[in-house]
Amino acid sequence: MRYLVLTDIHANLEALGACLAEATWRGYDRALVLGDLVGYGADPNAVIARIQALNPVAIVRGNHDRVACGLEQAEGFNAVAKAAVQWTLGVLTPAHRDWLASLPQGPTMVDDAIEICHGSPFDEDAYIFDELDAVHALKASVRALCLFGHTHCPAVFQLSEGKFDDLRAAGEADTPVPLREAAKYLVNPGSVGQPRDGDPRAAYAIADTGARRVELFRIEYAVNDAQAKVLKAGLPEVLAQRLGVGR
Ligand code: ZN
């Protein structure tokens with residue numbers, strides 16, 4: 001099975017469209033969505049409609065999804081994120097609000113090989129950045145491959161025979177990343193709609209269980225169009241700026 005993996009889309013329709021077009025060309029069977037469909041960007045309704053049309057085999061909610069549909073208050077959000085999520089709550093259709101509110105909390109088991117979560121398998125809101133976080137998550141995960149998002153930074157961590165490796169930091173994560181037997185993996189494809197690793201291109205992944213590998217991709221998209229929509233919507237200007245620099 002070839003799974004298309006999308007996370008942290010953040011209402012960026014241009015970025016999502018570019019990823020879907022390229023992924024369709026590459027070929028995939030089913031989609032996995034790791035949360036934060038909305039918040040920050042200007043197209044929450046259109047993004048939700050496109051994700052619904054994909055009929056993902058598994059999807060989990062993100063922290064922005066919970067606040068944008070009114071399940072939770074924006075406590076803990078910074079001023080910019082709060083402004084964006086409140087704007088989103090105001091423009092979402094009632095049907096899309098209800099649908100977001102119905103999304104499950106991760107982790108969710110996809111099949112015998114894969115589980116998905118938003119932040120981490122032990123806490124949907126926890127960020128996995130360093131080795132300490134990653135080892136905790138690798139031990140908490142129950143499948144050989146745990147896919148996560150939330151940090152907006154691509155990551156490939158491996159635990160093999162008790163030895164931990166950050167494959168991207170080690171320069172060994174040139175795609176495709178082979179999934180070795182008896183090893184556990186924790187992989188973040190990076191953010192579709194708001195990358196924060198200094199590369200403004202949209203990020204997604206394809207996890208191929210038959211070929212035992214994960215491929216991480218970056219693709220250029222119409223950043224200018226997404227930025228113009230953010231400004232036109234009256235969202236904080238910094239949200240348009242950061243799309244251009246990927247921070
Ligand atoms: Zn996010």
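This is a predicted model: local features need pLDDT of at least 70, side-chain atom pairs count only at pLDDT 80 or more; totals for chains, interfaces and linings use all residues.

Q: Which residues lie nearest the centre of the largest pocket?
A: Look for Asn63, His64, Phe77, Tyr127 and His150, which lie nearest the centre among the 19 lining residues. Helix α3, residues 63-68, gives the largest share of that lining, with four residues. Sorted by class, the lining has five nonpolar, eight polar and six charged residues.

Q: Now helices. How do I read a pair such as α1 and α2, and at what angle do they cross?
A: Start with the angle between their directions: under 35 degrees counts as roughly parallel. The axes of α1 (residues 13-26) and α2 (residues 44-54) cross at roughly 25° and come within 9 Å, so α1 is roughly parallel to α2. Their crossing is left-handed.

Q: Which residues of α1 and α2 meet?
A: On the α1 side you'll find Leu13, Leu16, Gly17 and Leu20, and they meet Ala46, Val47, Arg50, Ile51 and Leu54 of α2. In terms of class, this contact of α1 with α2 holds seven nonpolar residues, one polar and one charged.

Q: And α7 with α8: are they roughly parallel or antiparallel?
A: An angle over 145 degrees counts as roughly antiparallel. Helix α7 (residues 223-232) and helix α8 (residues 237-245) have axes that cross at roughly 170° and come within 8 Å, so the two are roughly antiparallel. From α7, Val223, Ala226, Gln227, Val230 and Leu231 make the contact, together with Glu237, Leu239, Ala240, Gln241, Leu243 and Gly244 from α8. That contact of α7 with α8 counts seven nonpolar, three polar and one charged residues.

Q: What should I look for in the backbone itself?
A: Most residues other than glycine have a negative phi, and most peptide bonds are trans. Asparagine 55 is not a glycine, yet its phi is positive, about 50°. You'll find asparagine 55 in the loop between α2 and β3 (58-59). Histidine 152, also not a glycine, has a positive phi of about 65°, and histidine 152 sits in the loop between β6 (145-147) and β7 (155-160).

Q: Which peptide bond is cis?
A: Check the one from glycine 106 to proline 107, which is cis, with omega near 0°. Proline 107 lies in the loop between α5 (94-101) and β4 (108-109).

Key: Residues are numbered from 1 along each chain as its sequence is written. Side-chain values use heavy atoms; hydrogens and water are left out. Axes are lines fitted to C-alpha atoms, for helices over the stretch in contact, and angles run from 0 to 180 degrees between N-to-C directions. Angles under 35 degrees count as roughly parallel, over 145 as roughly antiparallel, 65 to 115 as roughly perpendicular and the rest as oblique. Contact means heavy atoms within 4.5 Å. Ala, Val, Leu, Ile, Met, Phe, Trp, Tyr, Cys and Pro count as nonpolar, Asp, Glu, Lys and Arg as charged, and the others, Gly among them, as polar. On a 1 Å grid over the protein atoms alone, a cavity is a set of points where a 1.4 Å probe fits but cannot get out, and a pocket is an open set with protein on both sides within 12 Å along at least five of seven lines; lining residues have an atom within 4 Å of a point. A crossing is left-handed if the near helix is turned anticlockwise from the far one by less than a right angle, and right-handed if clockwise.
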